[in-house]
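Keep the 3D view open as you read.

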Amino acid sequence: MNESFPGPQAGPVTGHVPVLRLGEVLLVTLQGDLHDSTAQQLQQDLAETISRTGTTGVITGVIIDISGVEIVDSFLGRVLAEIAGQTELLAARSVVVGMRPAVAITLVELGLTLPGVHTALSTEVAMDLLTRHAPSSRFGGLRQESP
Amino acid sequence: MHTAAGAQARLPIRSDMDLVWVRQHVRQAAAQLGFGLVDQTKLVTAASELARNTLVYGGGGSMETEPVSEAGVQGLRLTFSDEGPGIADLEQALSDGFTSGGGLGMGLGGARRLVHDFAIESSPGAGTTVRVTSWVGRAPRPREES
């Protein structure tokens, strides 16, 4: 078999996605094309990190920055929705940040609107939201803060 | 207009690593043919859904990409084929929310909404072939309420 098989432009993300801790908030930055197993691994890592923090202080929020993600298909969409759900069960909130316009347009057309997933346009807005000690109910104030 | 030679290829779909190559190849081919950013994103997302179906339900297979042109308009055609168990009820498989494999049930129906032309051939025991085409600069497929 002599198939033309062009190589990748940038290496896909495999293994673990780094989870950064900023006080009470975990920050995850997704970059490039994500391997399915990497997304699932992240889901597990986040749940374990949140539940393991009893001695070192409590995690109250998770920010997932997807500004570097070129497509969200139904698999990654489901992973994001599941992360939001499990985070809530572990008494923390999660915000998906920086979705590209083309990704948002495509997701709606695909039929996936990710109910239950909180969103913000920037990491700053999400951070502000998660570290406020009297949080507005269900992020009601979030949309108004966006430009 | 020249034909983008790199747009013609056949890629195996055997593991979830191959899904990454499929997405990158479709992105590159669509960009080469002059698709805008939103249309590239839609086509790559459709390809990702269909490639995952090929892998998960078809037990693996391949994707062929082929640049096409019609009345001076460039397009990109993607053909996904597998030799898996096939689909007994196509109408049910295309309806939103239907899933036999733990997904969201958006794969086939969702992919169909993201492309201009969509054709599927499948029968039990004979595998499945899905052929989709999108055209540069053409308006999106009209919404059908089902």
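Start in chain B with strand 2 (residues 61–70) and strand 3 (residues 73–82), which pair in the antiparallel sense over 10 bridges. Bear in mind as you look that this is a predicted model.

Strands of a sheet pair through backbone hydrogen bonds, either parallel or antiparallel. In chain B, five strands make up an open sheet with antiparallel pairing, and their order is 1-2-3-5-4. Which strands sit at the edges? They are strand 1 (9–13) and strand 4 (117–122) of chain B, each of which pairs on one side only. Going from one strand to the next, the twist averages 15 degrees.

Next, the helices on this sheet. Helix 1 (residues 16–32) of chain B packs on the sheet and touches strand 1, strand 2 and strand 3 of chain B. The direction of helix 1 makes about 160 degrees with that of strand 1 of chain B. Helix 2 of chain B packs on the sheet too, touching strand 1, strand 2, strand 3, strand 4 and strand 5 (128–135) of chain B. Its direction makes about 15 degrees with that of strand 3 of chain B.

How does all this line up along the chain? From the N terminus on, the elements of chain B run β-α-α-β-β-α-α-β-β, which comes to four helices and five strands. Of the contacts in chain B with a separation of 6 or more, 62% are between residues 24 or more positions apart. As for burial, 50% of the 146 residues in chain B are buried.

Finally, follow helix 2 of chain B (residues 37–56) across to chain A, where its axis comes within 9 Å of the axis of helix 3 (residues 101–110) of chain A, and the two cross at roughly 50 degrees. Because of that angle, helix 3 of chain A counts as oblique to helix 2 of chain B. The crossing of these two helices is right-handed. On the chain A side, the residues in contact are A102(A), V103(A), I105(A), T106(A), E109(A) and L110(A); they meet L37(B), V38(B), T41(B), K42(B), T45(B) and E49(B) in helix 2 of chain B. Sorted by class, this helix contact has six nonpolar, three polar and three charged residues.

Terms used. Residues are numbered from 1 along each chain as its sequence is written. Chains are lettered from A and ligands numbered from 1 in the order in which they are written. This is a predicted model: local features need pLDDT of at least 70, side-chain atom pairs count only at pLDDT 80 or more; totals for chains, interfaces and linings use all residues. Side-chain values use heavy atoms; hydrogens and water are left out. Axes are lines fitted to C-alpha atoms, for helices over the stretch in contact, and angles run from 0 to 180 degrees between N-to-C directions. Angles under 35 degrees count as roughly parallel, over 145 as roughly antiparallel, 65 to 115 as roughly perpendicular and the rest as oblique. A crossing is left-handed if the near helix is turned anticlockwise from the far one by less than a right angle, and right-handed if clockwise. Contact means heavy atoms within 4.5 Å. Ala, Val, Leu, Ile, Met, Phe, Trp, Tyr, Cys and Pro count as nonpolar, Asp, Glu, Lys and Arg as charged, and the others, Gly among them, as polar. Two strands pair if DSSP finds at least two bridges between them. Buried means under 20% relative accessible area, exposed over 50%, partly exposed in between (1.4 Å probe, protein chains only).
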